[in-house]
2 protein chains.
Amino acid sequence: MNDTKALLEQFFKKDKRALARIITLVENQVPACCEILDALYPNTGHALRIGITGPPGAGKSTLVDQLAKHFRQQNKTVGIIAVDPTSPFTGGALLGDRVRMCDLSGDEGVFIRSMATRGSLGGLSQRTQQVADVLDAYGKDIVMMETVGVGQSELDIVETADTTVVVLVPESGDSIQAMKAGLMEIADIFVVNKSDREGADRTLLEIQSILTLKEQNQEWKIPVCKTIASENQGTSELAGHIEMHTRFLDEHNLFVTKRIRRLRKVVTDMVAIKLQQLFWTHDKRKMMDQMEDALFKGTFSPYQATQRLFADFLT
Amino acid sequence: MNDTKALLEQFFKKDKRALARIITLVENQVPACCEILDALYPNTGHALRIGITGPPGAGKSTLVDQLAKHFRQQNKTVGIIAVDPTSPFTGGALLGDRVRMCDLSGDEGVFIRSMATRGSLGGLSQRTQQVADVLDAYGKDIVMMETVGVGQSELDIVETADTTVVVLVPESGDSIQAMKAGLMEIADIFVVNKSDREGADRTLLEIQSILTLKEQNQEWKIPVCKTIASENQGTSELAGHIEMHTRFLDEHNLFVTKRIRRLRKVVTDMVAIKLQQLFWTHDKRKMMDQMEDALFKGTFSPYQATQRLFADFLT
């Protein structure tokens with residue numbers, strides 16, 4: 001208890017080690033984590049949250065780095081959350097993104113954290129949002145969340161962002177695949193990265209023609225821009241589009257809508273977890289183990305097993 | 001009630017329309033769905049469940065079709081569940097996979113269903129497993145579940161399979177990306193599809209060398225095979241590996257383990273849904289709406305809001 005208080009004090013004094021420590025506690029979903037987040041919420045709501053997503057190998061990490069450098073030149077502080085599919089061999093996030101960090105790690109204004117996708121408690125999108133809240137409360141002006149965008153939980157993450165950037169590369173059928181993966185639905189801005197590659201203009205046209213098919217029932221016209229992140233080309237144009245989208249959200253009062261949606265999600269996620277904790281007592285888990293055999297033999301069905309588990313619950 | 005009974009009767013008479021109808025009910029998670037699944041469970045546990053996954057564009061659909069044809073030649077009946085990221089434009093699963101079906105749709109022994117990933121009730125992996133249970137109870141010998149394998153919920157799906165096939169294509173860094181996406185962890189068999197492309201042998205070697213890094217603490221040696229699905233090359237070799245894996249599971253009593261794990265998951269999923277239903281009464285939802293403003297203003301935190309919601313629950 002006192003440890004937590006001391007830690008929070010350090011955090012609000014902008015101690016970078018306290019920040020890292022708190023993020024680790026949130027990632028591991030320790031019991032104190034609720035108390036900590038609770039203390040932080042009043043300070044959230046100031047950071048711009050940018051979600052960056054796209055297929056594997058689209059160059060998202062490099063693009064995020066270039067954007068971070070760009071924002072730093074404008075004297076904005078930056079937090080980066082790289083949602084990193086866990087390697088089965090190391091048990092942790094992969095080295096690739098850790099190596100990348102070196103480039104920015106000398107800069108006190110940038111904080112980068114890789115998050116593993118597997119083997120941890122709580123939903124991935126929930127944990128990511130909580131880490132974003134921590135970075136927000138710490139005072140970061142920009143929080144970037146980078147994910148591989150072909151999966152439900154990954155899409156959930158970027159949907160909590162204020163601005164979502166979808167990164168594609170010039171490859172045959174890539175834009176069609178992106179459409180299939182539901183990426184067209186969530187993009188506020190499109191990027192064709194590695195645009196020195198053959199077919200870049202065709203990919204750009206493809207995306208634009210798909211976008212014209214989409215009902216444009218809102219005033220924001222989704223831009224498509226070309227970058228070569230590895231050579232830092234197109235980054236400022238992209239940053240300009242992000243800025244325009246920020247203005248758009250502001251003018252249409254959409255920051256409020258997005259923030260309320262996020263807060264509601266935090267509550268419903270907490271409710272779901274608390275319900276599980278209340279339900280799965282030692283006795284209930286034992287009961288479940290004992291029913292295993294009957295389930296397998298078909299003596300009773302999963303539905304009947306569920307009813308048995310609920311027999312003395314809420315009565 | 002009587003409708004459900006009549007429907008089930010038709011189903012057990014192997015009426016294909018009753019099968020389609022029941023799958024739709026399960027997909028939409030209608031209330032009768034529990035009763036239906038309950039009636040089916042005693043008949044499940046006979047089908048071999050194959051999960052097929054890989055990055056977008058790896059040619060999974062074509063490969064699944066070729067495998068289906070192969071199994072049909074052995075006089076086995078086949079069910080295919082294609083988990084299909086929803087298009088934002090049609091609101092349903094994409095046409096691409098529907099078109100594909102034509103090739104097999106004349107065959108009474110094959111049943112194909114595309115499942116949308118978004119906008120539906122219940123977890124995706126839960127619904128997919130339930131549809132697999134329906135196909136299993138119907139008497140299908142083989143149930144193939146095809147997903148884009150770069151996302152937590154998609155990985156959850158294939159983990160409920162008996163045999164998991166991971167499909168890659170010869171492209172620079174693809175195997176590394178697969179490792180990043182956690183695919184190496186779940187593969188029982190690897191396929192390098194489109195193996196007439198340049199770099200196929202290198203990709204094969206890459207996978208093999210990554211596999212040697214992996215602790216091989218079980219007796220199953222993960223095979224890597226080459227296919228050109230579009231020309232039906234390598235399909236029977238792949239089918240041979242699947243058969244060998246089936247024998248391996250059988251000899252080591254692993255079908256039992258996998259089936260028990262699936263049944264337990266069905267129960268815990270049902271519990272989670274029932275808890276949500278019990279909790280989110282009309283009053284609680286109203287309470288949540290009323291707290292929105294206070295949450296936004298920071299008058300109280302999400303944690304405090306959660307506690308308020310639980311105030312009269314279980315006391």
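Modeller: The cover over the buried residues of α11(A) includes β1 (48-54), α4 (60-73), β5 (163-168), β6 (189-192) and β7 (224-226) of chain A. Helices (H or I, at least four residues) and strands (E, at least two) are DSSP runs, numbered from the N terminus. A residue is buried if 20 or more other C-beta atoms lie within 10 Å of its own, exposed if 12 or fewer, and partly exposed in between, with C-beta atoms placed from the backbone.

This is a predicted model, in which local features need pLDDT of at least 70, side-chain atom pairs count only at pLDDT 80 or more, and totals for chains, interfaces and linings use all residues. Residues are numbered from 1 along each chain as its sequence is written, while chains are lettered from A and ligands numbered from 1 in the order in which they are written.

Now the helix itself. α11(A) has 17 residues. Its C-alpha atoms span 24 Å from first to last, close to the 24 Å expected at 1.5 Å a residue. That expected span is 1.5 Å times one less than the number of residues.

Which residues of α11(A) are buried? They are Thr235(A), Leu238(A), His241(A), Ile242(A) and His245(A). Seen down the axis of α11(A), these buried residues fall within an arc of 120°, so they line one face of the helix. The arc is that of the directions from the helix axis to the C-beta atoms. On the other side of α11(A), Arg247(A), Asp250(A) and Glu251(A) are exposed.

Take Ile242(A), in helix α11 of chain A. Ile242(A) counts as buried because it has 20 C-beta neighbours inside 10 Å. Leaving aside neighbours within four places in sequence, Ile242(A) is in contact with Ile50(A), Thr163(A) and Ile189(A). Contact means that the C-beta atoms of two residues, placed from the backbone, lie within 7 Å. Lys76(A) is 166 residues from Ile242(A) in sequence and 14 Å from it in space, C-alpha to C-alpha.

How confident is the predictor here? pLDDT is its confidence in each residue, from 0 to 100. In chain A, confidence is highest in helix α11 (residues 235-251), at a mean of 96, and lowest in helix α5 (residues 95-105), at 51. Over residues 86-99 of chain A the pLDDT is below 50, and this stretch has 28 contacts in the model beyond near neighbours in sequence. The chain A average is 83, and 81% of the residues score at least 70.

Next, the end of the helix. Just after α11(A) comes Asn253(A), with a positive phi of about 60°. Most residues other than glycine have a negative phi. Asn253(A) is not a glycine. Asn253(A) sits in the loop between α11 and α12 of chain A. Asn253(A) is exposed, with 8 other C-beta atoms within 10 Å.

On the α12(A) side, Arg259(A), Ile260(A), Leu263(A), Arg264(A) and Val267(A) make the contact. Met288(B), Glu292(B), Leu295(B) and Phe296(B) make it from α13(B). For the complex, the predictor gives an ipTM of 0.76 and a pTM of 0.76.

Terms used:
pLDDT is the predictor's confidence in each residue, from 0 to 100.
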